[in-house]
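The following note sets out numbered points for a reader who is meeting this structure for the first time. Please read each point beside the sequence and the model.

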Amino acid sequence: MRIKNIMMSAALLAGCLTASAQQTAAPVEGFNHHWYVQAQAGGQYTGGEISFGDLLSGNVQIAGGYQFTPVWGLRLAVNAWQSKGGTDFSYMEKNGVFLGVQSWKYNYVAPTFDVVCDLGNWILGYKPDRLCNFGLLAGIGANIGFGNDDAAVVRAAAIAASHQVNVIDPEAHLMPLIWDGTKARLVGKFGAYVDFNINRRLSLGVEVNANMLSDSYNSKKALNADWYFNALAGVKVRLGKVTKEVQPKTTAPVIVEKIVEKIVEKPVEKIVYKEAPVAKREPLRRDIFFNIRGSQVSKTEMPKVEDIVTYLNKYPEAKVTVTGYADKGTGNPKINVGYAQKRAQIVADLLVNSYGISRSRIVVDSKGDSVQPYEQNNLNRVSICIAE
């Protein structure tokens with residue numbers, strides 16, 4: 001009789017001690033801040049009143065930058081080579097002087113600090129394997145000009161010719177703001193770029209930028225700012241890890257109180273004991289993640305669907321609620337309602353058509369992007385399934 005009581009107590013204790021396991025979603029790739037280097041070459045047009053082709057020159061740029069977030073970065077860019085100026089002396093031809101159109105070139109180095117904004121990640125959400133990224137940039141720095149000897153030669157010839165025909169035009173053609181030696185000026189920059197990603201580290205891109213300086217840059221007096229415009233193509237190399245694993249938030253574990261039934265043996269022939277209570281069925285949660293603008297369950301997420309099927313087959317009276325979501329950082333609320341509904345419906349259809357689960361046991365819901373279950377934007381492309 002004593003052995004029977006001990007065995008019964010052990011069975012009762014094993015049935016009543018339960019603990020809930022915390023459901024952990026698979027980690028996903030998130031952004032990792034990183035450095036990069038960039039080299040570009042192309043051409044420059046310096047603003048002026050003579051023909052476009054006469055004011056074109058070569059241009060190069062090297063840069064090093066740091067990407068703080070998927071959207072915002074900062075870089076130090078050094079732009080250099082050559083600018084051009086020019087003027088038209090045709091007004092002197094009626095007096096017998098034929099200088100015609102004269103142009104001159106000069107050199108410069110222009111380091112600037114640029115703020116870079118990635119519009120692709122801002123509008124469409126961060127995706128490490130996106131083929132194309134595009135954005136805007138703005139910066140400020142110094143333009144250090146030198147080698148303006150050609151302008152001095154043109155100016156000397158113009159002065160000599162003006163004295164010869166008694167024509168004086170110091171405000172423009174005689175270049176009253178001419179400079180020599182080395183001259184530093186403040187320069188402001190703004191522009192746009194497009195990068196075509198070969199892989200996560202390497203991309204080929206194009207950039208156009210406009211640069212504004214003081215009126216004296218081209219040695220002429222126009223009573224407005226001088227400009228030069230660059231069109232560049234080149235390569236960008238990202239350094240270090242550009243992504244990292246991000247663990248989604250998990251549901252908090254449910255703590256179940258341990259219950260121990262104590263059976264006291266009494267000195268009677270018949271032992272009365274309590275029947276072991278039936279263990280409470282724990283709910284099952286699975287978060288099924290989708291690609292951007294996607295509503296198909298990937299191979300890596302299919303094991304979660306199979307977990308739900310196993311649970312429903314084990315507990316025939318259980319039901320499952322499938323709730324679809326969309327991330328607020330992509331698209332707009334009207335489009336996202338459709339994505340969220342499709343993501344919930346595709347999971348429900350899989351359970352019915354592929355695994356034979358009765359549709360009466362499935363509740364389909366959709367929140368669009370009005371509810372964001374995760375702080376990480378791209379994790380909100382999800383169908384959350386709770387079976388109980």
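1. N218 touches G47, W104, Y106 and D226, leaving out residues up to four places away in sequence; contact here means heavy atoms within 4.5 Å. N218 lies in the loop between strand 8 and strand 9, strands (E, at least two residues) and helices (H or I, at least four) being DSSP runs numbered from the N terminus. With a relative accessible area of 9%, N218 is buried; buried means under 20% relative accessible area, exposed over 50%, and partly exposed in between (1.4 Å probe, protein chains only).

2. The model is a predicted one, in which local features need pLDDT of at least 70 and side-chain atom pairs count only at pLDDT 80 or more, whereas totals for chains, interfaces and linings use all residues. Residues are numbered from 1 along each chain as its sequence is written, and side-chain values use heavy atoms, with hydrogens and water left out.

3. Two residues deserve a look at their backbone angles. Most residues other than glycine have a negative phi. S219, however, has a positive phi near 75°; S219 lies in the loop between strand 8 and strand 9 and is buried, at 0% relative accessibility. R293, also not a glycine, has a positive phi of about 60°. The place of R293 is the loop between strand 11 and helix 4, and with a relative accessible area of 48% R293 is partly exposed.

4. Which residues does V305 contact, leaving aside neighbours within four places in sequence? They are I288, V297, L351 and Y355. V305 lies in helix 4 and is buried, with a relative accessible area of 0%. The C-alpha atoms of V305 and Y355 are separated by 9.6 Å, although the two residues are 50 residues apart along the chain.

5. Helix 5 covers residues 333–353, and its 21 residues should span 30 Å at 1.5 Å a residue, which agrees with the 30 Å between its end C-alpha atoms. The expected span is 1.5 Å times one less than the number of residues. At the start of helix 5, a side-chain oxygen of N332 comes to within 3.1 Å of the backbone nitrogen of K334.

6. Which residues of helix 5 are buried? They are N336, A340, R343, A344, V347, A348, L350, L351 and V352. An α-helix has 3.6 residues a turn, so residues three or four places apart point the same way. The buried residues of helix 5 pack against strand 11 (284–289), helix 4 (302–314), strand 12 (320–324), strand 13 (362–366) and strand 14 (382–387).

7. The whole structure holds 15 salt bridges, each being a side-chain nitrogen of Lys or Arg within 4 Å of a carboxyl oxygen of Asp or Glu. In one of them E29 pairs with R200, the closest N and O atoms being 2.7 Å apart. Because E29 lies in strand 1 (residues 28–31) and R200 in the loop between strand 7 (183–197) and strand 8 (202–213), the pair ties together parts that are 171 residues apart in sequence. Both partners are partly exposed: E29 at 37% relative accessibility and R200 with a relative accessible area of 25%.

8. Another salt bridge joins K105 to D150, with closest N and O atoms 3.5 Å apart. K105 belongs to strand 5 (residues 101–118) and D150 to helix 3 (residues 149–165), so the pair ties together parts 45 residues apart in sequence. K105 is partly exposed at 39%, as is D150 at 32%.

9. R359 forms a salt bridge with D349, the closest N and O atoms being 3.4 Å apart. Since R359 lies in the loop between helix 5 and strand 13 and D349 in helix 5, the pair ties together parts that are 10 residues apart in sequence. R359 is partly exposed, with a relative accessible area of 42%, and D349 is partly exposed at 24%. Elsewhere, salt bridges that share partners join R75, D114, K189 and E207 into one network.

10. The search finds 5 cavities of 30 Å³ or more; a cavity is a set of points, on a 1 Å grid over the protein atoms alone, where a 1.4 Å probe fits but cannot get out, and lining residues have an atom within 4 Å of a point. The largest cavity has a volume of about 320 Å³, a volume being the space filled by probe spheres set on the points, which are joined across faces, edges and corners. Its lining has 23 residues, of which H34, D118, N121, N133 and R238 lie nearest its centre. Strand 7 gives the most to this lining, with 3 residues.

Technical notes: A polar contact is a pair of N or O atoms within 3.5 Å; within protein, one must be able to donate a hydrogen and the other to accept it, and residues adjacent in sequence count only if both atoms are side-chain atoms. On a 1 Å grid over the protein atoms alone, a cavity is a set of points where a 1.4 Å probe fits but cannot get out, and a pocket is an open set with protein on both sides within 12 Å along at least five of seven lines; lining residues have an atom within 4 Å of a point.
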